[in-house]
Amino acid sequence: MRFLLLLCFLIGLSPLRAQQADSIQFSLLTCAPGQEIYELFGHTAIRYQNFTRNEDYVFNYGMFSFRTPNFVYRFVKGETDYQLGITPYIYFQAEYAMRGSSVYQQVLNLTEAEKQKLYDLLRENYLPQNRIYRYNYFYDNCTTRARDQIEKAVAGTVVYPEQVPASSFREIVHHYTDGFPWDEFGIDLCLGAEADAPIGIRQQMFAPFYMKEFASQAYIVSADGSRRPLVASETKIVDVEPEPVESSFPLSPFACASLFLALNVCIAWLQYRNRRIYWGWDIVLYGIQGIAGCVIAFLFFFSVHPTVDSNWMLMLFNPVPLIYLPIMVYRAIRRKKDLYHGVNLVYLTIFIVLFPLCGQKFNLTVLPLALSLLVNAASHVLVSRKRTE
């Protein structure tokens, strides 16, 4: 009788245990892009819900602070540190709702053991000695970190779709910068030829919505060969209309560069007609070229950001014009012939002709900028010849 009573008690307790075990749920959250440059690509986080204990938190690998000492310098150099943060879901939800960014939830189809392991991994990552990590936009960001923890927790292998459209880092970036031409132009100036190489599905997962799409098609292969989908269900848990995009400047980079080219043509014509070099314009033109060149050269030689050390734009924008500028102005004031402009004329012609063949896709705005420099160099050469006639 005692054995039967104990057996009945255990049988009655088993549904309660199952209910308590099933009370934990993990979800992959994907947040829609915002309008700030660091929000353009969206965001990924992991949501933890324990219904028994009434706990609802978001594990967020995208926490950083602009107040970090030397933040701008460290960001340009590629030494930005991000960290894992834990936020109550209600605050996370409110932040994105106020921003005008929808949030999509994919409930992960994990076993109880896998849920516990994922929870342990996230808690271990949150320890003070583990929570800070060196952020890398393409290879180690908030999305790849969330994916890696999920894969570590799975008792088996996560298999993603094999057939995906061929893409590159630059093409994915352009997908998100559509409608933000100035941001796109600035990013294009910094990315090198490596950003145009084809990348596989795993590398494409650096982008939150690419990860979301691949996760919805993925499945888990267990040790016994059984298969189950990685995602159990998908819902839109924050449904808001994004605010209309208002451009901070009415003209596109290409329009501005075209106007800049027209201005250079006018100045070149005036210089040729008057047999006079406007050295004040040289200070503006070559000063801008040299300053832009310093930024690109710094990224090329010193930054650890991915793909910037293969940037052929260094051939057009480098510090040489800025270094030579005092000598250039001195010779212009003294009305002396300057071989720099003849060499520059040939150099820029070769650059414009051969740059499309270097394997790097460049922003179309670069063409009128290069032509502006070419026109100015040609005017110097023609004025010098006209003076000797």
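Are Phe-351 and Phe-355 buried or exposed? In this predicted model, Phe-351 is buried, and Phe-355 is buried as well.

**View A. Stacked rings of Phe-64 and Tyr-82.** The whole structure holds 26 aromatic pairs. In one of them, Phe-64 and Tyr-82 are stacked, with 4.9 Å centre to centre and 25° between the planes. The two residues are 18 residues apart and link distant parts of the chain. Phe-64 belongs to the loop between strand S3 (55–63) and helix H2 (71–77), while Tyr-82 lies in strand S4 (residues 81–88). Phe-64 has 28% relative accessibility and therefore counts as partly exposed. Tyr-82, at 11% relative accessibility, counts as buried, because buried means under 20%.

**View B. Tilted rings of Phe-351 and Phe-355.** The ring centres of Phe-351 and Phe-355 are 4.8 Å apart, and their planes stand at 40°.

**View C. A cluster of aromatic residues joined by ring pairs.** The members of the cluster are Phe-41, Tyr-137, Phe-138, Tyr-139, Phe-169, Tyr-176, Phe-206, Tyr-210 and Phe-214.

**View D. Lysine over the ring of Tyr-104.** Lys-212 places its charged end over the Tyr-104 ring, 5.1 Å from the ring's centre.

**View E. Lysine over the ring of Tyr-272.**

Note on methods: Residues numbered from 1 in each chain as written. Predicted model: local features only at pLDDT ≥ 70, side-chain atom pairs only at ≥ 80, totals over all residues. Heavy atoms only, no water. Phe/Tyr/Trp six-rings, centres within 6.5 Å; stacked < 30°, edge-to-face > 60°. Helix = DSSP H or I, 4+ residues; strand = E, 2+ residues; numbered from the N terminus. Buried < 20%, exposed > 50% of the residue type's maximum accessible area, 1.4 Å probe, protein only. Lys NZ or Arg CZ within 6 Å of the ring centre and 35° of its normal.
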